[in-house]
Amino acid sequence: MRLPYTPNPPTPSTPEESAIITRIQQRRHPRPLQPLDLTLLHSPPVADGWNSFLGAIRTQTSIPADLREIAISRVAVINKAWYEWMHHAPLAVAGGVSEAGMEVVKREGGYDLEKEEVPAGLTEKQWVVLVYADEMTRDVTVKEGTFGRLKGLFSEKEVVEITATVACYNCVSRFLVALDVGEKNGLGPDAAH
């Protein structure tokens, strides 16, 4: 970590900071505060907004766990955010992504819907979400063909939620990597457990 973590338990200096810490602890419950939380708490207002946004993305969308966690895990691979991978790859498996599918997710090269078929181990929806996350993360601009496939498989609400998930976790991964939160970012996907 490039900065010291805030104390754990945190030491709020105002009632507002205490309320922020309580909200973060409630979202994390029953788990303890994470290194990411202890980094963000250097700026309680930022930590509070982050907590609200991430809470919505993680727990209030209609996206099934397998698709959400594929999107998050793919962003982690592309951005080499192995601390993020360590937390979300097991959630993808728990959400129903096969081990063969996770091998596709963790491959570091790019993918192309126009040139590749759905790989063994992934459903069509999982594959399209993976490639969409890949293009959003690598290029920002998504190919029309990729967007057309996404829109053909998902409702407008789901498209917005998938897009917000990918965008959100690009923010998370860039924060984690820049500050080396969790001290896992140089290890790679197999060593980050």
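Helices here are DSSP runs of H or I with at least four residues, numbered from the N terminus. The model is predicted.

**Whole chain.** Start with everything shown. Along the principal axes, the C-alpha atoms fill a box of roughly 55 × 35 × 30 Å. Of the contacts with a separation of 6 or more, 67% join residues 24 or more positions apart.

**Surface and charge.** Of the 193 residues, 46% count as buried. Now colour by charge: there are 20 positive and 25 negative side chains, and the centres of the two sets lie 1 Å apart.

**Backbone stops.** Most residues other than glycine have a negative phi, and most peptide bonds are trans.

- Select asparagine 8 and proline 9. A cis peptide bond joins them, with omega about 15 degrees. Proline 9 sits in the segment before helix 1 (15-28).
- Move to histidine 29 and proline 30. Their peptide bond is also cis, with omega about 10 degrees. Proline 30 is in the loop between helix 1 and helix 2 (35-40).
- Select lysine 80, in the loop between helix 4 (65-78) and helix 5 (82-94). Its phi is positive, near 55 degrees. Lysine 80 is partly exposed, at 40% relative accessible area.
- Finish at aspartate 180, in the segment after helix 9 (156-179). Phi is near 55 degrees, again positive. Aspartate 180 is partly exposed, at 24% relative accessible area.

Key:
Residues numbered from 1 in each chain as written. Predicted model: local features only at pLDDT ≥ 70, side-chain atom pairs only at ≥ 80, totals over all residues. Heavy atoms only, no water. Buried < 20%, exposed > 50% of the residue type's maximum accessible area, 1.4 Å probe, protein only. Contact = heavy atoms within 4.5 Å. Lys, Arg positive; Asp, Glu negative; His and termini not counted. Charge placed at Lys NZ, Arg CZ, Asp CG, Glu CD. Helix = DSSP H or I, 4+ residues; strand = E, 2+ residues; numbered from the N terminus.
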